Amino acid sequence: LFVRKVSVHLDPNIVHMLPVRSHDDLPDIQWPDEVKISEKVDWGMLRAQAREKAKAKEARRAKMKLEKEEEDQGEEEEGEEGDDELDPEVDDDEVEPEPEEK
């Protein structure tokens, strides 16, 4: 049985399984000085940051979509203005007359 002590508190049942007479006989186990231990992860904060990042990304996408739609609408309006004029490449002889209604 291998137990590594990583907490100040140790269950008494585990102490009975170890080759020591009491909890006080357990040696202190510490990390070497060169090992840097990070702080405890705050999952709530990380979730909140991820949500904010997703909202910002969605807002950028919506803005880009709106700009694209406005650009496309502007191009359509420019195309409609030219429809009133005759197409210079179409020869009048090529256009078939519409049949008369009876």
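A salt bridge here is a side-chain nitrogen of Lys or Arg within 4 Å of a carboxyl oxygen of Asp or Glu. The model is predicted, so local features need pLDDT of at least 70 and side-chain atom pairs count only at pLDDT 80 or more, while totals for chains, interfaces and linings use all residues. Residues are numbered from 1 along each chain as its sequence is written, and side-chain values use heavy atoms, leaving out hydrogens and water.

**Exercise 1. Sort out which residues make up the charged surface patches.**

Step 1: set the rules. Patch residues have over 30% relative accessible area and no salt bridge; like charges are joined within 9 Å, and nonpolar side chains (Val, Leu, Ile, Met, Phe, Trp, Tyr) within 5 Å. Lys and Arg count as positive and Asp and Glu as negative, with His and the chain ends not counted. Each charge is placed at NZ of Lys, CZ of Arg, CG of Asp or CD of Glu.

Step 2: go negative. Glu 67, Glu 69, Glu 70, Glu 71, Glu 75, Glu 76 and Glu 77 gather in one patch. Glu 67 belongs to helix H2 (residues 43-81) and is partly exposed at 42%.

Step 3: go positive. Lys 53, Lys 57, Arg 60 and Arg 61 form this patch. Lys 53 is in helix H2 and is exposed at 64%.

**Exercise 2. Which residues form the nonpolar surface patch, and with how much accessible area together?**

Step 1: list the members. They are Val 41, Trp 43, Met 45 and Leu 46, with about 410 Å² together. Areas come from the Shrake-Rupley method with a 1.4 Å probe; for residues, only the protein chains shown count as cover.

Step 2: Val 41 sits in the loop between helix H1 (12-17) and H2, partly exposed at 41%.

**Exercise 3. Is Val 15 buried or exposed, and what is Val 15 in contact with?**

Step 1: locate Val 15. It lies in helix H1.

Step 2: read the accessibility. At 9%, Val 15 is buried; of the chain's 102 residues, 5% count as buried.

Step 3: list contacts (heavy atoms within 4.5 Å). Leaving aside neighbours within four places in sequence, Val 15 touches Leu 10, Val 20, Ser 22, His 23 and Leu 26.

Definitions and conventions. Helix = DSSP H or I, 4+ residues; strand = E, 2+ residues; numbered from the N terminus. Buried < 20%, exposed > 50% of the residue type's maximum accessible area, 1.4 Å probe, protein only.
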